[in-house]
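Me: Got a model open here and I'd like to talk it through. Can you take me around it?

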Amino acid sequence: MTLANNNDSLTLYDETFTSRFLLGTALYPSPQAMLDSIAASRSEIVTLGLRRQSPEENGGAAVWQLIKSSGCKLLPNTAGCKSVKEAITTAEMSRELFETDWLKLEVIGDDYNLQPDPFALLEAAGELIKRGFKVLPYCTDDLVLCQRLVDVGCKVLMPWGSPIGTGQGLLNRYNLRTIRERLPNIPMIIDAGLGAPSQAMEAMEMGFDGVLLNTAVAKAQKPALMAKSFADAIDAGRMAHSAGLMLKRQTASASTPTIGQPFWHQNR
């Protein structure tokens, strides 16, 4: 059963989608593996970097045309940018080349764990929103940063689960639950660090609105099959959240009542 069957849609910047799985288009063993994975993921939004448009770099134009043929909405990113100026320049070039004002904003502050620079990210987000971009910022799970990003006009947030490409899953559940609870009306997509479908399911059970990932699918032994596994896990996690998870408790509680059973126990 898919989310579409449950009439449970995702709305981002006034556009509605039936899938809550956003997929990256890098690192696949072949272009066909990428296309097969996109199809298997049931994703309606795919991310891509500006460099893929360049015909001089590794057949970038051909790859771009393949991505376009998927029929998915394009979400260009500013991957690799390390300053406000660089991110804004890349964003403007992406808008012209890909003909979209949607943008996954990345401003990296540390080369070791690829953590976003919170100060540059906030500045760049504010300026790009003024320029008419629909900004989806890749950010850390910091409550104050998330609040400030909303204040400057971001209508979607994409906090990391853990550093990009690590497969560590949700490292700071307290922070993630906090931002989810404190900003209940802002769509939130877990972006980066997930390595297994079970981790994506947990994120959805926590109340997040979607999942964006790349490496976990692209580097799997069977990318398309892994993409389907993530898609199913995301749907299941969303349905579980919608159904309402039982509250955890410290003491056991029998599911079968003892009153009326056809036997009795003597005290010893």
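**Strand 3 and its surroundings**

Reply: Strand 3 pairs with strand 10 (residues 210-213) in the parallel sense, over three bridges. Strands here are DSSP runs (E, at least two residues), helices are H or I runs of at least four, and both are numbered from the N terminus; two strands pair if DSSP finds at least two bridges between them. This is a predicted model, where local features need pLDDT of at least 70, side-chain atom pairs count only at pLDDT 80 or more, and totals for chains, interfaces and linings use all residues. Residues are numbered from 1 along each chain as its sequence is written, and side-chain values use heavy atoms, with hydrogens and water left out.

Me: Which residue of strand 10 stands opposite L23?

Reply: L213 does. In strand 4, L23 faces V46.

Me: Are the faces of strand 3 buried or exposed?

Reply: Buried on both sides: F21 and L23 on one, L22 and G24 on the other. Buried means under 20% relative accessible area, exposed over 50%, partly exposed in between (1.4 Å probe, protein chains only).

Me: New topic. Which side chain meets R238 in a salt bridge?

Reply: D8, at 2.7 Å, N to O. A salt bridge is a side-chain nitrogen of Lys or Arg within 4 Å of a carboxyl oxygen of Asp or Glu. R238 sits in helix 9 and D8 before strand 1, 230 residues apart.

Me: Why does R238 count as buried?

Reply: Because its relative accessibility is 13%.

Me: What is R42 linked to?

Reply: R42 is in a network of salt bridges with K228, D232 and D235.
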